[in-house]
Amino acid sequence: MVRVKICGLTQVDDIRAAARVGADAIGLVFYEKSPRAVSIDQARKMLQALPPFVSSVGLFVNADSARVEQVLERCPLDILQFHGDETPEFCRRFGRPYLKVLRVSGETDLRRPLDDYGDAQGLLLDCAVPGQWGGSGQRFAWWRLPELGKPLILAGGLQADNIQEAVRIAQPYGVDVSSGVERSPGSKDHGKMAEFIARLQGL
């Protein structure tokens, strides 16, 4: 079964809906320039609504260590996701499982990032869009992801209409969706979330 993370949630009702339809993980964005950004207080309330067995992921983009530690002091995140130019040393300094995002434009050699971020829990592949750090809704050309002994997670332009094709081609460990299940940035469409996961389960 392909794991599903729904990212960029900003409302408690969306957290509950994501869990109800079968999401394995939810993502909270701590990048102030994103239209899906949440404050620490928002995040705390949302995490309190998260049921058991659904992982919480905190997304950061080139944050300094003080900012990450400030969030961790008040938000019990399970996994950190680094979406910027963070070094391996920075990613591992917080003593938490982490995902490193690679911005790609097509088939690429993943062995160097795997070596650099060898202790990452997984690598997340997103579409490289100039000036944007994810959530663009744009996809790259999917290809069969290699077996590297590390979970590879597919993101970028995924939605109910193309998720089956994407998974058949790439065969990822997991998928990460944000704009593809929204009414507007940060506001999730519960019907789209349910359909997205139903299509995956129909593979």
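**Helix packing and a pocket in a predicted model**

Biologist: At what angle do helix α6 and helix α7 pack, and how is α6 placed relative to α7?

Modeller: In this predicted model, helix α6 (residues 163-170) and helix α7 (residues 190-201) pack with their axes 9 Å apart, at an angle of about 40°.

Biologist: Which residues make the contact of α6 with α7, and how do they divide by class?

Modeller: From α6 the contact takes I163, Q164 and V167. From α7 it takes F196, R199 and L200. By class, these residues divide into four nonpolar, one polar and one charged.

Biologist: Which residues of α7 meet α1, and what is the handedness of the crossing?

Modeller: On the α1 side, the residues are D13, D14, A17, A18, R20 and V21. The contact as a whole divides into six nonpolar, one polar and three charged residues. In α7 the partners are H190, M193, A194 and I197, and the crossing of α1 and α7 is right-handed.

Biologist: How many residues of each class are in the contact of α2 with α3?

Modeller: Helix α2 (residues 40-48) and helix α3 (residues 65-74) pack at about 35°, with axes 10 Å apart, and α2 passes α3 in a right-handed crossing. I40, D41 and R44 of α2 make the contact with R67, Q70, V71 and R74 of α3. The classes are two nonpolar, one polar and four charged.

Biologist: Which element gives the most to the lining of the second largest pocket?

Modeller: The second largest pocket has a volume of about 290 Å³. Of its 16 lining residues, R3, A25, I79, I153 and Y173 are the closest to the centre. Two or more lining residues come from each of β1 (3-7), β3 (55-60) and β8 (174-177). The element that gives the most, with three residues, is β1.

Biologist: How do the residues of that lining divide by class?

Modeller: The lining of the second largest pocket has 16 residues. These residues divide into nine nonpolar, four polar and three charged.

Methods:
Residues numbered from 1 in each chain as written. Predicted model: local features only at pLDDT ≥ 70, side-chain atom pairs only at ≥ 80, totals over all residues. Heavy atoms only, no water. 1 Å grid on protein atoms, 1.4 Å probe; cavity = no way out; pocket = protein on both sides within 12 Å on 5 of 7 lines; lining within 4 Å. Points joined across faces, edges and corners; volume = space filled by probe spheres on them. Helix = DSSP H or I, 4+ residues; strand = E, 2+ residues; numbered from the N terminus. Nonpolar A, V, L, I, M, F, W, Y, C, P; charged D, E, K, R; others polar. Axes fitted to C-alpha atoms, helices over the stretch in contact; angles between N-to-C directions. Contact = heavy atoms within 4.5 Å. Left-handed = near helix turned anticlockwise from the far one by under 90°.
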